[in-house]
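Colleague: I have the file open. Can you walk me through what is in there?

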Amino acid sequence: MKINGVTIADTFAEAFTMRVARLVITGRTAKWAREAATKLTGFATSVIGCKCEAGIERELTPAETPDGRPGISVLFLTMDKASLPEQLIVRVGQTVLTCPTTACFDGLPDAPDRLAVGKALRVFGDGFQASKVIGGKRYWRLPVMEGEFLVEETFGMLKGVGGGNFLILAADAEAALAAAEAAVDAMTSLPGVILPFPGGVVRSGSKVGSKRYKNMVATTNDPFDPTLRAITPSQLPEGVNSVLEIVLDGTDAPAIEAAMRAGIPAACRPGVNTITAANFGGKLGPHHFHLRKILA
Amino acid sequence: MSDAVTLSLAERPDHVLVADCIAADRFAGLDANTIAALPVVHGGRPGTLGEFFKVRGGRSSVVRIEGDVPLMEGIGAGMAGGELTIVGSVGRDLGLAMSGGRIDVRGNAGDNAGGAPPGAARGMSGGEIIVRGNVGDEAGARMRRGMLVVTGAGGRGMGIGMIAGTVVVFGKAGPGAGRFLKRGSIVALASIDRPATFRYACTYRPPHVGLLLRYLRGRAGVPVADRYVAGKYERYSGDLAELGKGEILQWAGE
């Protein structure tokens, strides 16, 4: 299969089941909602080193938020049930609670699994906190120097999907970056998907484990490193000198597929040789995103 | 089973009609004949609901009362769920000690709406009462949880002895509002006669008030002007003769 002369490899991306929460952060202006969301999702690229993966899903208009103010929708993923509330409590407490004018709402109200995030954060109020039940949901009002911070008592948790991906194999670094940027633009703000890495792009794709260092859980993906072509069993076609990866996390597999369907064609630009994907032979992750099937 | 139970006023009561048998959740298991046979007290004498209302439908927790019944007391007393709409005015003890569901009055309500029975420590402990008109004295008295919204004026002692919960009053609230309040909020969009035992804290935009008013506008169809939703409020903490963890929030402009 080819798109705009770019080969679509006959392979699949292998992804994992994760736990996901959606947070809606509002602020007096879009700037302050974005400030909080950016801090909240900082250092959350990969569970390998960050213990969570997070990103901005999309900006919300005042008509889309519970309090009628500009907002940001954020997706937050961890590998297990227990660590999601731990990460949320720490991060919301340090980044949203601290940010002027913001409030924090649950974005998965129908999810039966509930995480007591606001309930845990309430104790910052040192006994001066108060709760309000509005429309059947409990909110906590925490007194802060600016006024009050409002946070929903519980947040919904669903099974999500982490680690959807595709690799852009290009003739040079400039072409790879331009293709990656085009793909990210095409996938940004699609519902139910985040791209957790910087600008949505990864340059340091990894393989599981290490050939040399026992303690390393992930090391450089040497079959796709152009500088190692001569000394490793390279998987790079002739003429490929730079590779970038797009990693996608989402609320479910269809959301990931929809994003890949939008992003891969956008990446098929001049200078790009092949679009392929990373997998582990299908043995580790239950979600397999076959590139040609998605694009058919 | 029908979509809703409708009680249409057939015989206007001449005296006080105590009809605390009317509660939306109780009607969910009753057919029309059984509802019509429910006991009421008219002028101190026993009677049945069917003597005053034509009953249509049954086995539904969505109940509609059609007719102006200012002499009818205790509607929705102890209600725990469902939706009760009254197209007209009602008497005292509306939603007395209710714990859930929603009562929507398209008219005025008498004294002690959402309040407590005589001698009881707690008034309503959950649910919502919306009165699209005025209420009498001591509305929301000793409220433990829940929400009482009055789009008109409140009488004397609104929210007196509140333990928690929220009272919203769009019009003027009479003297003694919030007296002996422990926790809870009285949100006043017009003037309110505050007890001297409330102390000014600050003027700010309480985030939950905007959320609450938007909820009322969206879910309950209560017309709320934007100036209230996004406005500033003066916060008065009180009652300082009690626990002092409650508040009166008075709208202070945009």
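**Cores, sheets and a few residues**

Modeller: The largest nonpolar core has 53 residues, and those with the most contacts inside it are B:Leu7, B:Ile22, B:Phe27, B:Leu84 and B:Leu94. A nonpolar core here is a set of buried Ala, Val, Leu, Ile, Met, Phe, Trp, Tyr and Cys residues joined through side-chain atoms within 4.5 Å. Buried means under 20% relative accessible area, exposed over 50%, and partly exposed in between, with a 1.4 Å probe and protein chains only. This is a predicted model, where local features need pLDDT of at least 70 and side-chain atom pairs count only at pLDDT 80 or more, while totals for chains, interfaces and linings use all residues. Residues are numbered from 1 along each chain as its sequence is written, chains are lettered from A and ligands numbered from 1 in the order in which they are written, and side-chain values use heavy atoms, with hydrogens and water left out.

Colleague: What is B:Ile22 in contact with, leaving aside its neighbours within four places in sequence?

Modeller: Its partners include B:Leu7, B:Phe27, B:Leu49, B:Ile65, B:Met72 and B:Leu84. Contact means heavy atoms within 4.5 Å.

Colleague: Which residues does the second core include?

Modeller: That separate core has 36 residues, among them A:Ala175, A:Val193, A:Ile246 and A:Ala267.

Colleague: Back to chain B. In what order do the 4 strands of the open sheet come?

Modeller: The order is S4-S3-S2-S7, with mixed pairing. Strands (E, at least two residues) and helices (H or I, at least four) are DSSP runs, numbered from the N terminus. Two strands pair if DSSP finds at least two bridges between them. Strand S4 (45–48) and strand S7 (72–73) of chain B are at the edges with a single partner strand each, so one side of each has no neighbour in the sheet.

Colleague: How many bridges join S2 to S7 there?

Modeller: There are 2, and strand S2 (residues 17–18) of chain B runs parallel to S7(B). B:Val18 has B:Glu73 as its bridge partner.

Colleague: Now chain A. Is strand S11 mostly covered or uncovered?

Modeller: Mostly covered: 14 of the 16 residues in S11 (residues 155–170) of chain A are buried.

Colleague: Which strand does S11(A) pair with over 9 bridges?

Modeller: That is strand S15 (residues 242–250) of chain A, in the antiparallel sense. A:Phe166 is opposite A:Ile246 in S15(A). S11(A) is also joined by 5 bridges to strand S3 (residues 12–26) of chain A, again antiparallel, and A:Met18 faces A:Gly160 in that strand S11(A). Strand S7 (residues 113–115) of chain A pairs antiparallel with S11(A) over 3 bridges. S16(A) pairs antiparallel with S11(A) over 4 bridges, where A:Ala170 stands opposite A:Val272.

Colleague: Different topic. Is B:Tyr233 buried or exposed?

Modeller: B:Tyr233 counts as buried, at 1% relative accessibility. B:Tyr233 lies in strand S15 (residues 232–238) of chain B. Its C-alpha atom is separated by 4.3 Å from that of B:Trp251, 18 residues apart along the chain.

Colleague: And where does A:Lys119 lie?

Modeller: In helix H4 (residues 117–121) of chain A. A:Lys119 counts as partly exposed, at 41% relative accessibility. Leaving aside its neighbours within four places in sequence, A:Lys119 is in contact with A:Trp140 and A:Glu153. The C-alpha atoms of A:Lys119 and A:Val151, 32 residues apart along the chain, are separated by 8.7 Å.
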